[in-house]
Amino acid sequence: MHPDVQKVLLTEEEIRDRVKQLGQQISRDYQGKKVLVVGILKGAMIFLADLVRNISIPTYFDFMAVSSYGSSTQSSGAVRILKDLDRSIEGKHVLIVEDIVDTGLTLKYLVENLNSRGPESLKICTLLDKPERRTVDINAHYKGFTIPNEFVVGYGLDFNERYRNLPYVAVLKPEIYQG
Ligand code: IMP
């Protein structure tokens, strides 16, 4: 285990099993259709890479990068697009893939923004959900795990851009968060 980690919340195996189930469920739900997976950089990249390898229907990708103004552990609610989609999503079945829904502010903004571009359908798939922290009414259609109100890292999620490459989801030792 990494020396900065206090506890592992989700092991590699638990994640692998759940991601496989999600991929199978998505493949069933979109049977006969094509899906455009919109990955939200950078946090969702590892989840997305594993998820799409478990999807059996025709799958296309595009990416967006957004940043919420605020400190590294508290989001302020204002969202800025750092990288927009390469192509139009009009008439397409769009599946947003996100790492975590925390306050929900980022996703609420993304859903409103992408819905205004005329997709045929728009759904959300998130690896993690922290419902205790929600300040806006938004819910993912596909959820990997519901977790308690703790700041987590690993499997794509960062603290100050670190720890994204940990293969599990973990909580860091308090002294690390305090810097
Ligand atoms: P929201 O807008 O508050 O729902 O938060 C959205 C973004 O904040 C996520 O996409 C993450 O990048 C980041 N975030 C929220 N909670 C955590 C966490 O526990 N660990 C790492 N990043 C987080």
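1. A nonpolar core is a set of buried Ala, Val, Leu, Ile, Met, Phe, Trp, Tyr and Cys residues joined through side-chain atoms within 4.5 Å. This model is predicted. Its largest nonpolar core has 29 residues. Phe-47, Leu-51, Val-97, Cys-125 and Leu-128 touch the most other members. Elements giving two or more residues to this core are H1, strand S2 (35–41), H2, S5, S6, S7 and S9.

2. In soluble globular proteins, nonpolar side chains tend to be buried together.

3. Look next at Phe-47. Beyond its neighbours within four places in sequence, Phe-47 contacts Val-19, Leu-22, Val-97, Glu-98, Cys-125, Thr-126, Leu-127 and Tyr-155.

4. Helix H1 covers residues 12–29. At 1.5 Å a residue, its 18 residues should span 26 Å, and the end C-alpha atoms are 26 Å apart, so the two agree.

5. Which residues of H1 are buried? They are Ile-15, Val-19, Leu-22, Gly-23, Ile-26 and Ser-27. Seen down the axis of H1, the buried residues fall within an arc of 135 degrees, so they line one face of the helix. Glu-13 and Arg-28, on the other side, are exposed.

6. The buried residues of H1 pack against helix H2 (45–52) and several strands, including S1 (5–10), S5 (93–101) and S6 (121–129).

7. Polar side-chain atoms lie 2.8 Å from a ligand oxygen atom for Asp-99 and 2.4 Å for Thr-103. For Thr-106, a side-chain N or O atom is 2.5 Å from an oxygen atom of the ligand.

Definitions and conventions:
Residues numbered from 1 in each chain as written. Predicted model: local features only at pLDDT ≥ 70, side-chain atom pairs only at ≥ 80, totals over all residues. Heavy atoms only, no water. Helix = DSSP H or I, 4+ residues; strand = E, 2+ residues; numbered from the N terminus. Expected span 1.5 Å × (residues − 1). Buried < 20%, exposed > 50% of the residue type's maximum accessible area, 1.4 Å probe, protein only. Arc of directions from axis to C-beta. Contact = heavy atoms within 4.5 Å. Polar contact = N/O pair within 3.5 Å; in protein donor to acceptor, adjacent residues only side chain to side chain.
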